[in-house]
Amino acid sequence: MAHRNRSQLLWAAAFIWLVCLALAALAIAQAPPASPTFPRYDAATETTVTGAIEAVNQVKGRHGWSGTHVLLKTDKESIDVHVGPSWFLTEKKMTLAKGDEITVTGSRVKYDGADAIIARQLKKGEQSLVLRDAQGLPVWSRGPGRKPAS
């Protein structure tokens, strides 16, 4: 009889242990992401702004790439513009520097609680660079040397 009770006790302990393990796995799976997610391009919030670049910043991305952001001073505000991967700007021979006058068309979003623009097109003087198609898909994701979709 004692052997039977001991066997039932071991099975009960194993069952409880498995239930706890399953609950822990569910809790981990539902945990929020460790870093904020990047906002999606939204054509409904597209705007065009013109101003002078106050600062050019290289921002390290999640996957190790370096992205270019500019702080743009318009007649109404200073706003962070998420331009695109630094390598893409270099490939397209687009240089950006403090004091440059640019026009940006892009989606106005909230990022880390602040207003920002995800750039779709950038104009500097006679030079124009398309960064995203009309749906906001990055043209650089189509591979080097490929043209943006019309």
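Partly exposed means a relative accessible area between the buried limit, under 20%, and the exposed limit, over 50%. Glu91, with a relative accessible area of 32%, is therefore partly exposed. The model is predicted. Its chain holds two helices and six strands.

**Fold and surface**
- The elements run α-β-β-β-α-β-β-β from the N terminus.
- The chain has 150 residues, and 31% of them count as buried.
- Take the contacts between residues at least 6 apart in sequence: 50% of these join residues at least 24 apart.

**Salt bridges around Arg108**
- The whole structure contains six salt bridges.
- One of them pairs Arg108 with Glu77, at 2.6 Å from N to O.
- Arg108 sits in strand S4 (residues 101–111), and Glu77 sits in the loop between strand S2 (66–73) and strand S3 (78–85), so this pair ties together parts 31 residues apart in sequence.
- Arg108 is partly exposed at 28% relative accessibility, and Glu77 is partly exposed at 22%.
- Arg108 also meets Asp115 in a salt bridge, at 3.8 Å from N to O.
- Asp115 is partly exposed, with a relative accessible area of 33%.
- Through shared partners, salt bridges join Glu77, Arg108, Lys110 and Asp115 into one network.

**The Lys92–Glu91 pair**
- Lys92 and Glu91 form a salt bridge, and their closest N and O atoms are 3.9 Å apart.
- Lys92 has a relative accessible area of 31% and is partly exposed.
- Glu91, at 32%, is partly exposed.

Definitions and conventions
Residues numbered from 1 in each chain as written. Predicted model: local features only at pLDDT ≥ 70, side-chain atom pairs only at ≥ 80, totals over all residues. Heavy atoms only, no water. Helix = DSSP H or I, 4+ residues; strand = E, 2+ residues; numbered from the N terminus. Buried < 20%, exposed > 50% of the residue type's maximum accessible area, 1.4 Å probe, protein only. Contact = heavy atoms within 4.5 Å. Salt bridge = Lys/Arg side-chain N within 4 Å of Asp/Glu carboxyl O.
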